[in-house]
Amino acid sequence: MIDPRRSRERMVKDQIEARGVSDPAVLEAMRAVPRHKFVESALAAKAYSDSPMPIGEGQTISQPYIVALMSEVLQVRPGMKVLEIGTGSGYQAAILAHMGAEVHTVERIRKLFFTARKRFADMRLFSIRPKLDDGTLGWPEESPYDRIIVTAGGPQVPQPLLDQLADPGRLVIPVGDSRRRQRLVLVTKQDGKVEEQDLGDVAFVDLVGSHGW
Ligand code: SAH
């Protein structure tokens, strides 16, 4: 039997703090959210290892460090409205909700959407609103968003997401012209000016849709 609390402590210390993530709200969320409940029970014992994991339908939950890094660069503060594209297991959304965000999350695969929605209800994560749709179109009715996080890799930053980002706002997305290998890009909007910053190499599953692959 694993002790999930101890496993999380170790995960945060060895995988996340050791690589330079220091935002206390991120570290606290990573210590608190039970990652093993976001994967199939047969894989639960491996949930705190330093790697991505399969979640079915050919999709993966990101490595813990990548979840922490993306959450940190977003600079999420309590009460912020956040849009996530690629709900997957729901783990990243749960981390953002634990940080006090009001999370809107969009998934295009029906089975993953229903599983995640049930998880949010079972775990009483009422500040997460899930939607089944093509997330490259955003969720215009609920915009603007203080923060946007895309957890699948596409050929470019989808224009609808840029349009739905508040000013000031921050958006993080893996972008690359080869599939399965991308640059993690941080987009900031301030006083009408949009700037991009390269945060390094990552490997995400495909962002599929009107403004994706
Ligand atoms: N954030 C997730 C990991 C997501 S894996 C977690 O914490 O578990 C990437 C997810 O993005 C997959 O579930 C995939 O189906 C979804 N996806 C890909 N393209 C999408 C699109 N256009 N709209 C919504 N979801 C999309």
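This is a predicted model: local features need pLDDT of at least 70, side-chain atom pairs count only at pLDDT 80 or more; totals for chains, interfaces and linings use all residues.
## Burial of helix α3

Helix α3 spans residues 64–74, and because eleven of its eleven residues are buried, the helix is largely enclosed by the rest of the structure. Just after α3, glutamine 75 adopts a positive phi of about 55°.

## Contact with helix α1

Helix α1, which covers residues 4–16, has an axis that comes within 10 Å of the axis of α3, and the two cross at roughly 75°. The two helices are therefore roughly perpendicular to each other.

On the α1 side the contact involves Met11, Gln15 and Ile16, which meet Pro64, Tyr65 and Ala68 of α3. By class, the residues of this contact comprise five nonpolar, one polar and no charged.

## Contact with helix α4

The axis of helix α4, residues 91–98, comes within 11 Å of that of α3, with a crossing angle of roughly 40°, and α3 and α4 are therefore oblique to each other. The crossing of these two helices is right-handed.

Here α3 contributes Val67, Met70, Ser71 and Leu74, which meet Tyr91, Gln92, Ile95 and Leu96 in α4. The residues of this contact divide into six nonpolar, two polar and no charged.

How values were computed. Residues are numbered from 1 along each chain as its sequence is written. Side-chain values use heavy atoms; hydrogens and water are left out. Buried means under 20% relative accessible area, exposed over 50%, partly exposed in between (1.4 Å probe, protein chains only). Helices (H or I, at least four residues) and strands (E, at least two) are DSSP runs, numbered from the N terminus. Axes are lines fitted to C-alpha atoms, for helices over the stretch in contact, and angles run from 0 to 180 degrees between N-to-C directions. Angles under 35 degrees count as roughly parallel, over 145 as roughly antiparallel, 65 to 115 as roughly perpendicular and the rest as oblique. Contact means heavy atoms within 4.5 Å. Ala, Val, Leu, Ile, Met, Phe, Trp, Tyr, Cys and Pro count as nonpolar, Asp, Glu, Lys and Arg as charged, and the others, Gly among them, as polar. A crossing is left-handed if the near helix is turned anticlockwise from the far one by less than a right angle, and right-handed if clockwise.
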